[in-house]
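Welcome, and please take a look at the model below before reading on. The notes after it are meant to be read beside it.

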Amino acid sequence: MTTASSPLNGFPDRVPPAEVEDVELYHAKSWITRWVFSQDAKIIGIQYATTATAIGLVALVLSWLMRLQLGFPGTFDFITPAEYYQFITMHGMIMVVYLLTALFLGGFGNYLIPLMVGARDMVFPYMNMLSYWIYLLAVLVLVASFFAPGGPTGAGWTLYPPQAILSGTPGGTGSGIILMLVSLILFIIGFTMGGLNYVITVLQARARGMTLMRMPLTVWGIFTATVMALLAFPALFVSAVMMLFDMLLGTSFFMPALVEMGELAKHEGGSPLLFQHLFWFFGHPEVYIVALPAFGIVSDLISVHARRNIFGYRMMVWAIVIIGALSFIVWAHHMYVSGMNPWFGFFFATTTLIIAVPTAIKVYNWLLTLWRGDIHLTVPMLFALAFIVTFVNGGLTGLFLGNVVVDVPLSDTMFVVAHFHMVMGVAPIFVIFGAIYHWYPKITGRMLNEAMGQIHFWVSFLGAYLIFFPMHYLGLIGVPRRYHELGPTSFIPESAATLNAFITIVALIVGAAQMLFLFNLAWSIRHGRPSGPNPWRAASLEWQTPETPPGHGNWGDTLPVVHRWAYDYNVPGAAEDFIPQTVPPSDTAATGEHR
Amino acid sequence: MEAIAPHAQNAAPPRPGGLHGFVLDWAADQRVFKGVSWGKAMMWIFLLSDTFVFGCFLLGYMTMRMSTTEPWPNASEVFALEIFGTHMPLILIAIMTFVLISSSGTMAMAVNAAYRRDRRLTATLMIVTALFGATFVGMQAFEWSKLISEGVRPWGNPWGAAQFGSAFFMITGFHGTHVTIGVIFLLIVARKVWRGDYDSGRRGFFTSRSGRYEIVEITGLYWHFVDLVWVFIFALFYLW
Ligand code: HEM
Ligand SMILES: [Cu+2]
């Protein structure tokens, strides 16, 4: 290696020579291959995001229906108990898998990874395209189950056997559960095709000078989450296959001998606990599969909009990696009430609490980044701040629920609903909003309307708190989760019903605010203020593309060369308050951080 | 993507090995695995993911086997054959295992021939590998039909726990599907090698880029993996 001052390839710092020839790009020849069956990661990202948003709207509408039932029980007789269960199940599954996972990894991953690491495209564009189309198929199968005889499955998003495939459960013996399992299997196959792309693009296709430790944290978050997904989804895949066999072939993997509707069921000897283990071996990492990209994106939003380098970059990277690894050994904290050896409970409670350490490090680092920053309260920044507050809130109740003795009484109450909506529902959704406000200018060349954005933010943020904060209280007084109607109980006071009605009204208002957001997205494509290439004056690579929106192949004729990390803001002595990653050290009076 | 050096004149000094080299590679730009192509890296990561799939299948099977209330049928009796009047436990499985392991040998030779650009030999060896694979699947089909004729079903069997049949059909079926996909893949690649696609720069399938001989090695990675998985199935299902 040469010293910092000796010239190598005309650059004053040590940028190694290119190791790989520029790739052969696939060039679309027709309108169809360009916009529909596109192999361009940017288009695929937008396709993923659009589909995820569309199916997410279904989940949103379902949440209104559930809230109407909970807020005004007895008023809407078209919502039967069976339907309520179906709404819950589809709402939960869509939100977690088909919206959040697909949007973060398929949507943001596809759009941002190649741009942020300086690649022309994903490494296997054709497979990447297939990934989207299989995802779309999975979504269509899922939607089909709404129209299937007997309706979609009502087993809860956890799909626990035995009840998931028994006749007492809505959709349990019909096509509802089958379509759900098939859709999940398809989703996993499609995701694997995309996920391999994201991982290899990050590992093997970065620009010259782009070391792993110069990547924006967004890429780190998405990358780690993808690796986790590649290792966690197999467990869901296997459990879906086994349950499908129990259902269709009459095997008894998960089904013990039991009496169903007064008759002995045809199964015997299976283990429902096995399903729970497999499901949560997927399910817990899944929480972090949506949280880690959110962590990464939030770090970048905060750094850009507070004009400060991210505090403790290396610590942040290691925290992401460590959280990713630890989250594979905590899954049984979801099974405290399923019965387990006390030593296991002790083990899983301990590992669960240990994860709080790297997570807390991240929160402190965000705060220290903000400390004395030049904070611009733009809409993306507001959403990033909202994420921190909400995530801390959900994380703290997570510490409660991670302890066996506290979890056992709280399990299956509204407290749990409040907890996971805070930590993995609302918080990541805020990041998605912030990210869309932040990157929309790059994608379309126009800014989203600021006034509409502010309204959207304040209604969503305050509304989310008004919806979910009281649920902690409802849970503490014992209101159970997954109940169609409470009925007369001695321990639940009258006021709980009033509170429920209040929550419902707020939920409807928050829902309306999302319509405003969608309108903003559509309206600003034509009428938004032109943004120019780099409206936020950000340093990371995606803002340095020769064209906005980035063209085919992202980088014009020559690939970028990276000389520094993505966080050179307000470097003392520099002419501007940010130094793009592509600027060599000698071009500025100040050098910034270019290790 | 070959490990070429467009700037060979001022190429970096040779990379150190050992832990130091490992750290340097991960700290470097552009690529973590130096000289490893995208396709090969992808296959490794995919196999890691697939390991988790088989791992879950096998762990699920072991849990069921330990928690089921009925006795578990004795594998060496179930999988015994009468050949010329002699009773041979596990004989078919032993032959199947032998065939599959041999196919790994011919696969390794094919990879070697491919890097020597010996098109005919490569294609021939790949076809031999595919034939071994097809033989394996054929014997598996025989084993399945034998068990089915003896009354083993996914939902039950004459000798004990119903989960025996369920796990057997599911795990060997899933593995057999892997072998079948491998056979198809081998044949496709063999044809392309034979035709000289990788010399003429013809555009490949799945990538819309022109293929390289390396695809033989990538196919080989998959094949060895399927072989390795069989060893675990053999040990955990048949020998336990
Ligand atoms: C406006 C926003 C939302 C509202 C009003 C809402 C409302 C609800 C309601 C009323 C329930 C059923 C509670 C019960 O009776 O047990 C529920 C369950 C659930 N929600 Fe949401 N939700 C929202 C957003 C989200 C988001 C963004 C996610 C993403 C993670 C999510 C994930 C879930 C899950 C996993 C369940 C559990 C389903 C089950 O018990 O099987 N929700 N939600
Ligand atoms: Cu968990």
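This is a predicted model: local features need pLDDT of at least 70, side-chain atom pairs count only at pLDDT 80 or more; totals for chains, interfaces and linings use all residues.

Residues are numbered from 1 along each chain as its sequence is written, chains are lettered from A and ligands numbered from 1 in the order in which they are written, and side-chain values use heavy atoms, with hydrogens and water left out.

**Chain B as a whole**

- Chain B has 8 helices and 2 strands; these are DSSP runs numbered from the N terminus, with helices being H or I of at least four residues and strands E of at least two.
- Along the sequence, the elements of chain B come in the order α-α-α-β-β-α-α-α-α-α.
- The C-alpha trace of chain B spans about 70 × 40 × 30 Å along its principal axes.
- Of the 240 residues in chain B, 50% are buried (under 20% relative accessible area, with exposed over 50% and partly exposed in between, using a 1.4 Å probe and protein chains only).
- Taking contacts (heavy atoms within 4.5 Å) in chain B between residues at least 6 apart in sequence, 69% join residues at least 24 apart.

**Where α7(A) meets α2(B)**

- Helix α7 of chain A (residues 272-305) packs against helix α2 of chain B (residues 38-67) at an angle of about 160°, and their axes are 11 Å apart; axes are lines fitted to C-alpha atoms over the stretch in contact, and angles run from 0 to 180 degrees between N-to-C directions.
- The two helices, α7(A) and α2(B), are therefore roughly antiparallel (an angle over 145 degrees).
- From α7(A), the contact uses A:L274, A:L278 and A:F281, while α2(B) supplies B:F52, B:C56, B:G60, B:T63 and B:M64.
- An α-helix has 3.6 residues a turn, so residues three or four places apart point the same way.

**Helix α12 of chain A**

- Helix α12(A) (residues 414-444) bends by about 45° at A:H421, the bend being the angle between axes fitted to the seven residues ending there and the seven starting there.
- Most of α12(A) is covered, with 26 of its 31 residues buried.

**A:H456**

- A:H456 sits in helix α13 of chain A (residues 450-476).
- Its relative accessibility is 0%, so A:H456 counts as buried.
- Leaving aside residues up to four places away in sequence, A:H456 touches A:F383, A:F433, A:Y437, A:A513, A:Q514, A:L516 and A:F517.

Key. Angles under 35 degrees count as roughly parallel, over 145 as roughly antiparallel, 65 to 115 as roughly perpendicular and the rest as oblique.
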